[in-house]
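Please keep the sequence and the 3D view at hand while reading.

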Amino acid sequence: MLKPTKQIIDFFFRNLLRNHLPAVFAVLKTIYYGYRRLTGSHRLKKRLNQRPWKITLGASGTYDTGWIPTDIYELNITKESDWKRFFSCNSIDAMIAEHVWEHLSSEDAVLAAKNCYRYLKPGCCLRVAVPDGFHPDPEYIRNVKVGGIGPGADGHHVLYTYKTLTDVLESVGFRVCVREYYDEFGRFHCEEWELERGMVYRSARRSNGGHILLNASLIIDAFKMFQEKGDASSE
C-alpha cells in the first residue's frame, strides 16, 4: 500500500506542482498588481485635490509634507497613458525622483524624461538623484553598480555620471543644473539647492556634516523652459 501512495505523492510534486506553480504565481502576481493599481489610483486621485501638484516619483513610502507620493502601480513614469489618467500637459508644479532613474533601461530613461517634461509646468523643476558613477570610493561603487551588492542594486540598469544623466535630460529639452556630483578626478562639487524643490535624503546636505562619501548622490535639477503645445493646462 505504501508504494502506490508514494507514487501518487511523487507524481503530484514532480508533475502538477512543477508544471503549474509558475502559472499560479503569474495569476497571483496579476491579481496583486491589479489590486495595488486600483487602490493606488484611488489614493492618488484623492491626493490630487490638494494644490500645488508637487509629485514624488517612485516614492516607496518616503515623501515630505506637501508632496504627493506615486509608485509604479498607479504611475509608471515610462508610460504616457498612465500620466494622462491623472494629469494634463503643463500642469505639474514640481517633481522629484530619488534613486529611480537607475532602475530604468537606457530607453525607458529617455521615455520617462520625455513624460516628465511634457507634464511639468514651464519654468518648473524635475529634481533627479541617482547613485554617482564617478564616486571615488570603490565600496560605494560595488554597492550601487549594475549587478552591485547593495540593497536594491539587483534592479539597477545604469550607473550614471553627471555627464551621462545630463545627456538624457537635455536630449528631451530640459535645461540642466548639476547640484551635487563627483567629477572624473574624484573631486566633489556641491552647489546650493532649494528645499522647496524637494529633499534628497541621500545627499551631502542631508548628511549634516557626516561622511559625504557614504551619503552622496548625483543630483541634477532639470528645468522646463517652454510650454508644450497641443494640450491645455489643467489649471
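Is Arg142 buried, partly exposed or exposed? Arg142 is partly exposed, with a relative accessible area of 38%. Buried stands for under 20% relative accessible area, exposed for over 50%, and partly exposed for what lies in between (1.4 Å probe, protein chains only).

This is a predicted model, in which local features need pLDDT of at least 70 and side-chain atom pairs count only at pLDDT 80 or more, while totals for chains, interfaces and linings use all residues. Residues are numbered from 1 along each chain as its sequence is written, and side-chain values use heavy atoms, with hydrogens and water left out.

**Overall layout**

The protein has six helices and seven strands, where helices (H or I, at least four residues) and strands (E, at least two) are DSSP runs numbered from the N terminus. Along the sequence their pattern is α-β-β-α-β-α-β-α-α-β-β-α-β. Of the 235 residues, 43% are buried. The protein exposes about 13,000 Å², and carbon and sulfur atoms supply 57% of that area; accessible areas come from the Shrake-Rupley method with a 1.4 Å probe, and for residues only the protein chains shown count as cover.

**Salt bridges**

Side chains of opposite charge can pair when their charged atoms come close. A salt bridge is counted when a side-chain nitrogen of Lys or Arg lies within 4 Å of a carboxyl oxygen of Asp or Glu. The structure holds eleven of these salt bridges.

Arg142 and Glu139 sit three residues apart in helix α4 (residues 138-144), so about one helical turn separates them. Arg127, Arg179, Glu191 and Asp221 are linked in a network of salt bridges.

**Nonpolar cores**

In soluble globular proteins, nonpolar side chains tend to be buried together. A nonpolar core is a set of buried Ala, Val, Leu, Ile, Met, Phe, Trp, Tyr and Cys residues joined through side-chain atoms within 4.5 Å. The largest core has 41 residues, and Leu57, Trp83, Phe87, Trp101 and Leu126 have the most contacts inside it. Helix α3 gives the most to this core, with six residues. Contact here means heavy atoms within 4.5 Å. Leaving aside neighbours within four places in sequence, Leu126 is in contact with residues including Leu57, Met95, Trp101 and Asp221. A second, separate core of eight residues includes Ala94, Ile96, Ala129 and Trp193.

**Cysteines**

How many disulfides does a search of the whole structure find? The search finds zero, a disulfide being a pair of cysteine sulfur atoms within 2.5 Å. For Cys124, the closest cysteine sulfur is that of Cys125, 8.5 Å away, which is too far for a bond. Cys125 is in no disulfide either, the nearest cysteine sulfur being that of Cys177, 8.1 Å away. Cys124 is buried at 17% relative accessible area, and Cys125 is buried at 3%.
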